[in-house]
Amino acid sequence: MELKQEVLALFMNHHDEVISGQEIANRLSFSRTAIWKVIKQLREEGYPIESIGNKGYRLCQVRDPLSRDLIIKALHSDYQKIQLEIYPQVDSTNTRAKVRAIEGAQHGHVILADEQTRGHGRFGRPFYSPKGEGLYMSLILRPQMHLSQSVYVTMQVAVLICRVLERLTHQAPSIKWVNDIYLGDKKVCGILTEAVTDFETGQVQYMILGIGLNVWNEEFPDELKQIATALTPLKTTRNEICAALLNEVLPISSSFSFDEEILVEYKRRSNVLGKTVEFVKNRAPIEGVAEDIDETGGLIVRLQNGEVETLHSGEVSI
Ligand code: BTN
């Protein structure tokens with residue numbers, strides 16, 4: 001067994017107990033420096049290992065620690081070599097991913113965090129990201145496409161996430177145009193796609209695909225209670241859910257193109273089609289019936305006066 005696994009196993013078997021660095025070193029026959037390096041690595045992966053004065057270390061009780069090793073193990077063989085960074089806490093995984101993309105990170109580089117202090121969604125709205133409760137993940141994608149096509153990525157990812165959640169929950173998740181995933185009548189997952197393009201050609205240089213999934217949350221703040229839900233109860237771990245999502249999303253190759261089947265499934269899973277929706281135009285609320293979603297991801301709404309409006313961005317309420 002790799003030293004890291006041995007140290008982890010020792011901590012797990014002495015959950016909530018303090019073990020000195022010397023004792024770990026003696027038990028595993030390694031130097032204290034080697035043990036210290038491994039502890040540092042485990043912390044970077046999100047394991048909450050506390051230093052207790054000069055007495056030693058303690059792994060605090062966590063239900064479901066994120067583990068790089070366990071995620072990689074559950075990935076298809078093609079993705080064993082992906083770059084996957086796990087942090088105990090970040091401001092936003094999308095922000096961290098942008099920094100990595102600017103530094104030249106490759107297509108498929110993943111940033112995952114146990115907690116976000118400034119997790120956000122579309123329109124700069126905060127995304128509730130409490131410690132240990134959800135999956136907060138961003139992928140760097142470098143698809144060869146024009147900005148106008150980037151909506152396909154979001155639509156495809158929404159469909160792929162629904163497939164994974166359906167397998168896990170045996171419920172039928174739905175998509176609220178454009179990119180919110182619902183279980184029943186509450187949001188369980190949000191997707192934030194941010195693209196950076198070449199100013200002159202409009203070609204995408206990179207995209208940051210942020211996924212925020214509520215997993216274990218049993219309680220939400222008052223303002224979210226009526227509109228948010230989580231996957232729990234569930235017999236799996238965040239590591240397995242993360243790997244399942246990555247196994248679906250990583251095949252999105254750099255030569256991405258429009259897929260008719262995805263559009264059909266996106267429409268089948270839509271929870272707005274056929275419903276009366278409200279949206280804001282010129283600062284005034286307008287109502288109409290959502291009739292269709294076109295190949296550009298536009299939502300086609302028939303207004304009460306019979307006219308048709310195609311929405312390309314923004315939000316509708318149902
Ligand atoms: C939305 O609800 O409009 C989208 C929410 C997206 C949240 C995810 S969590 C991981 C990544 N980091 C962020 O700050 N946002 C996305």
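Author: In this predicted model, two residues are in contact if their C-beta atoms, placed from the backbone, lie within 7 Å.

Reader: What makes Lys187 a residue in contact with Asp180, Tyr182, Ile227 and Ala228?

Author: The cut-off is 7 Å between C-beta atoms. Leaving aside neighbours within four places in sequence, Lys187 meets it with Asp180, Tyr182, Ile227 and Ala228. Lys187 itself lies in strand E8.

Reader: Why does Thr93 count as buried?

Author: The threshold for buried is 20 or more. Thr93 has 27 C-beta neighbours inside 10 Å, and therefore counts as buried. Thr93 is placed in helix H5, residues 93–102, and its contacts beyond four places in sequence include Ile111, Tyr136 and Gly210.

Reader: How do you know that Thr93 and Lys187 belong to a "binding site"?

Author: That comes from UniProt, in an unreviewed entry, which lists Ser92, Thr93, Asn94, Gln116 and Lys187. Such annotations may be inferred rather than shown by experiment.

Reader: What makes strands E4 and E5 a pair?

Author: Pairing takes at least two bridges. E4 (residues 109–113) and E5 (residues 134–141) have five, in the antiparallel sense, so they pair. Val110 stands opposite Leu139 in E5.

Reader: Why do strands E3 and E6 stand at the edges of the sheet?

Author: The seven strands run in the order E3-E4-E5-E9-E8-E7-E6. E3 (84–87) and E6 (174–176) each have a single partner strand, so one side of each is left without a neighbour in the sheet.

Note on methods: Residues numbered from 1 in each chain as written. Predicted model: local features only at pLDDT ≥ 70, side-chain atom pairs only at ≥ 80, totals over all residues. Helix = DSSP H or I, 4+ residues; strand = E, 2+ residues; numbered from the N terminus. Buried ≥ 20, exposed ≤ 12 C-beta atoms within 10 Å, placed from the backbone.
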